[in-house]
Each structure stands twice: as structure tokens, then as C-alpha cells.
Amino acid sequence: MEVFTRWHSWETARADITASGAPVDLDGLERAFAAALRWHGDQRRPTGAPYAEHLLEALEVLVRGAGVTAPAVLSAAVLHDVVEDTPASLADVEAEFGPEVTELVDWVTKPPAVGPGRQAKRAAKAAYLRRLGEAPREAVLVKLADRASNVQTLDRMAPDFQRRYYAETLTYVVPLAEPEPWFRAWYADWRRHFAHLQ
């Protein structure tokens with residue numbers, strides 16, 4: 001299973017993209033990444049790593065893995081959590097990046113739970129993941145890259161979380177990958193790699 005953890009900084013990502021010759025709007029993407037850093041601040045991943053690493057992993061999955069170069073998709077990939085996890089609003093995103101990027105961010109933003117407790121949170125998440133089946137292809141690409149970043153190192157998480165996240169990914173995310181040959185193959189490899197969690 002290929003793992004996408006090479007781009008630990010924007011400088012590394014930019015140099016790698018430049019060397020690859022991929023037709024990526026690097027200046028626009030750098031602007032989106034700078035905004036993501038500004039909004040996320042010093043947030044950390046559950047592993048303790050800087051949150052920016054997750055954004056760069058999702059970007060790396062799209063560019064180096066799936067060969068995606070569409071500017072709106074790549075910008076949305078680095079901005080995908082700003083509305084869900086920071087004080088930024090969709091209006092803030094639209095003011096800086098326009099309606100196309102904002103629509104993609106909106107599709108991949110999990111709405112808050114209605115009511116307190118774990119059950120309400122899980123119900124809201126399941127409804128959000130089911131709704132992605134109706135999302136435009138570009139938003140699905142962002143979600144597939146986001147989840148690939150999160151699950152590629154699933155073995156670093158607590159065992160109960162691993163099993164739950166594995167099952168959730170099989171139920172809701174793997175079907176989204178079916179129309180996308182690269183993602184379909186990657187998730188098939190991932191599924192085999194973590195088959196012990198079934």
C-alpha cells in the first residue's frame with residue numbers, strides 16, 4: 001500500500017510538484033495553504049503532529065497519487081477542514097477563494113450534531129457520509145483524499161478507534177471510490193493491508 005507522507009512542508013510540496021511538471025496553479029495553491037495555516041493555527045492531529053501535515057497529505061494523495069490538477073479541487077483539499085474545525089465560515093472562504101472552492105468545502109464539512117451525546121454525534125456523521133453519495137465528483141475527490149490521509153496510518157490510533165474507523169471507511173467511503181480507478185485501487189490495497197480489523 002502506497003503511503004503519502006512525503007510532503008511535511010509547503011516548500012517540499014512545491015518543489016516536488018515543480019519537479020514533476022504537473023500543470024498545477026502553484027501560486028493559487030500556496031495562497032490556499034497559507035489561509036489554511038492561518039485559520040488552523042497551532043492545531044494538532046490526534047497523533048500530536050501539526051495539523052498542516054494532514055492537509056499536505058491529502059494534497060499529496062491528489063497530486064502525486066491520483067494525478068489531480070484542478071485548481072478548485074486542490075485548494076479545497078487544503079481548506080477542507082477550516083469551516084468544521086476553525087472559526088472560519090463559508091462566507092470567509094468564499095470571500096477569499098470564490099464560490100467553486102466554497103461549494104466543495106461545504107460538501108465535505110460535517111454539520112454539528114443535533115443534540116448532546118455520542119449517539120447524536122455518530123448519527124450526524126453517518127448522515128453526512130451518506131449525503132456524500134450525492135456530492136459532485138470534485139467534492140468526492142476531496143473526501144477520498146482526506147480519508148486516505150487519515151486511514152493510511154490507521155495503525156497509529158487506539159485499537160477500538162481502528163476497528164470503528166475501518167468499518168466506517170468500508171461502509172461509506174470505499175463505495176465513493178468505485179468510479180475513480182486510482183482511488184478504487186488504492187482503497188483495495190488499503191483494505192487488504194488492514195484486513196485484520198474486520
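Predicted model: local features only at pLDDT ≥ 70, side-chain atom pairs only at ≥ 80, totals over all residues.
Now the helix itself. Helix 3 covers residues 51–65, so named by DSSP runs. From first C-alpha to last, its 15 residues reach 21 Å. That is close to the 21 Å expected at 1.5 Å a residue. How many of its residues are buried? The count is 14 of 15, and helix 3 is mostly covered.

Next, the empty space. Rolling a probe the size of a water molecule over the atoms shows where empty space is left. Here the largest pocket has a volume of about 1000 Å³. Its lining is made up of 33 residues. Which of them are closest to the centre? They are Lys110, Lys125, Phe161, Tyr165 and Glu168.

Which elements give two or more residues to that lining? Helix 3 is one of them. The others are helix 5 at 82–85, helix 7 at 118–131, helix 8 at 137–151, and helix 9. Helix 7 gives the most, with 8 residues.

Helix 9 runs 159–177, and helix 10 runs 181–193. Glu180 is found in the loop between the two. Is Glu180 buried or exposed? Its relative accessibility is 11%, so Glu180 counts as buried. The cut-off for buried is under 20%. Setting aside neighbours within four places in sequence, what does Glu180 touch? Its contacts are Arg137, Leu141 and Leu144.

Last stop, Trp186. This residue sits in helix 10. Its relative accessible area is 4%, so Trp186 is buried too. Again leave out neighbours within four places in sequence. Trp186 is then in contact with Met1, Glu2 and Phe4, and also with Ala148, Val151 and Gln152.

Two of those partners deserve a number. Take Ala148 first. How far apart are Trp186 and Ala148 in sequence and in space? They are 38 residues apart in sequence, and 8.6 Å apart in space, C-alpha to C-alpha. Then Glu2. Its backbone oxygen lies 2.8 Å from a polar atom of the Trp186 side chain.

To recap, two items. The largest pocket has helix 7 as the element that gives the most to its lining. And Trp186 is buried, at 4%, with the backbone oxygen of Glu2 at 2.8 Å from a polar side-chain atom.

Technical notes: Residues numbered from 1 in each chain as written. Heavy atoms only, no water. Helix = DSSP H or I, 4+ residues; strand = E, 2+ residues; numbered from the N terminus. Buried < 20%, exposed > 50% of the residue type's maximum accessible area, 1.4 Å probe, protein only. Contact = heavy atoms within 4.5 Å. Expected span 1.5 Å × (residues − 1). 1 Å grid on protein atoms, 1.4 Å probe; cavity = no way out; pocket = protein on both sides within 12 Å on 5 of 7 lines; lining within 4 Å. Points joined across faces, edges and corners; volume = space filled by probe spheres on them. Polar contact = N/O pair within 3.5 Å; in protein donor to acceptor, adjacent residues only side chain to side chain.
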